[in-house]
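Subject: Structure for you to look at

Hello,

Here is the structure I said I would pass on. Please open it beside this email, and read the notes below with it in view.

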Amino acid sequence: MSEYYIIRNDRPAGPFTLKELAAMAITPDTMAWMEGEADWRPAGSVGELQSLFATSTGQEPPLYESPSYGGPQPLASSAVWQREKTFERLPKPRTYLAWSIVVALLFSRIIGIIALVYSVQVSSCYYAGNYEGAAYASRKARFWVRLPLYIYLVALLFGLMAMLIHGLSKL
């Protein structure tokens, strides 16, 4: 039985049997070496290791039908097993990035930085496929961008009320 060595965390590790490598779930790009080889090669190009990376036939598993005795809802209706053939990406939520920069430069550095963090998270989450996270980050960025406006309006209202009270007291 052959023994194989692999590069793990930038260091050689081994020896491993074929069964141990299968349990480790190595990738075809993992560098591997076995006795008789001249140099390290990607595991996908080592003949004996190619069985670890057998590709799928492209056939989807059949949908599970629940027993007819009225048990739990069948798995066939769950989103996990239903694979859509067409993927339509939802539109990207607004990032409020430009407004975050304006807030950071003109009003409040702290509030602007918080808004910037959420603004950047919108794109990160969206392109990672996490639309809910992107929408949440967009809502939070909008809140932090609008917060200085709300603070300004409240301060303006109090200022106007103070002027009005001060003006009425002189009469």
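A residue is called buried when its relative accessible area is under 20%, and exposed when that area is over 50%. Keep that cut-off in mind for what follows. Keep in mind as well that this is a predicted model.

First, the overall layout. The protein chain has 4 helices and 4 strands, and along the sequence they come in the pattern β-β-α-β-β-α-α-α. Of its 171 residues, 21% count as buried. Among the contacts with a separation of 6 or more, 45% are between residues 24 or more positions apart.

Is Ser119 buried or exposed? Its relative accessible area is 2%, which is under the 20% cut-off, so Ser119 is buried. Ser119 lies in helix H3. Beyond its neighbours within four places in sequence, Ser119 is in contact with Thr95, Tyr96, Leu97, Ser100 and Ala141.

Two of those partners, Leu97 and Ser100, belong to the part of H2 that touches H3, which brings us to that pair of helices. In general, two packed helices are described by the angle between their axes and the distance between the axes. For helix H2 (residues 97–106) and H3, the axes come within 7 Å and cross at roughly 165°. An angle over 145 degrees counts as roughly antiparallel, and H2 and H3 are therefore roughly antiparallel to each other. Their crossing is left-handed. On the H2 side, the contact is made by Leu97, Ser100, Ile101, Val103, Ala104 and Leu105. On the H3 side, the residues are Arg109, Ile111, Gly112, Ile113, Ala115, Leu116, Ser119 and Val120. Sorted by class, this contact has 10 nonpolar, 3 polar and 1 charged residues.

Last, the nonpolar cores. Which residues have the most contacts inside the largest nonpolar core? They are Ile111, Tyr118, Trp144 and Val145, in a core of 13 residues. Helix H3 (109–127) and helix H4 (131–169) are the elements that give two or more residues to this core. H4 gives the most, with 6 residues.

Regards

Terms used. Residues are numbered from 1 along each chain as its sequence is written. This is a predicted model: local features need pLDDT of at least 70, side-chain atom pairs count only at pLDDT 80 or more; totals for chains, interfaces and linings use all residues. Side-chain values use heavy atoms; hydrogens and water are left out. A nonpolar core is a set of buried Ala, Val, Leu, Ile, Met, Phe, Trp, Tyr and Cys residues joined through side-chain atoms within 4.5 Å. Buried means under 20% relative accessible area, exposed over 50%, partly exposed in between (1.4 Å probe, protein chains only). Contact means heavy atoms within 4.5 Å. Axes are lines fitted to C-alpha atoms, for helices over the stretch in contact, and angles run from 0 to 180 degrees between N-to-C directions. Angles under 35 degrees count as roughly parallel, over 145 as roughly antiparallel, 65 to 115 as roughly perpendicular and the rest as oblique. A crossing is left-handed if the near helix is turned anticlockwise from the far one by less than a right angle, and right-handed if clockwise. Ala, Val, Leu, Ile, Met, Phe, Trp, Tyr, Cys and Pro count as nonpolar, Asp, Glu, Lys and Arg as charged, and the others, Gly among them, as polar.
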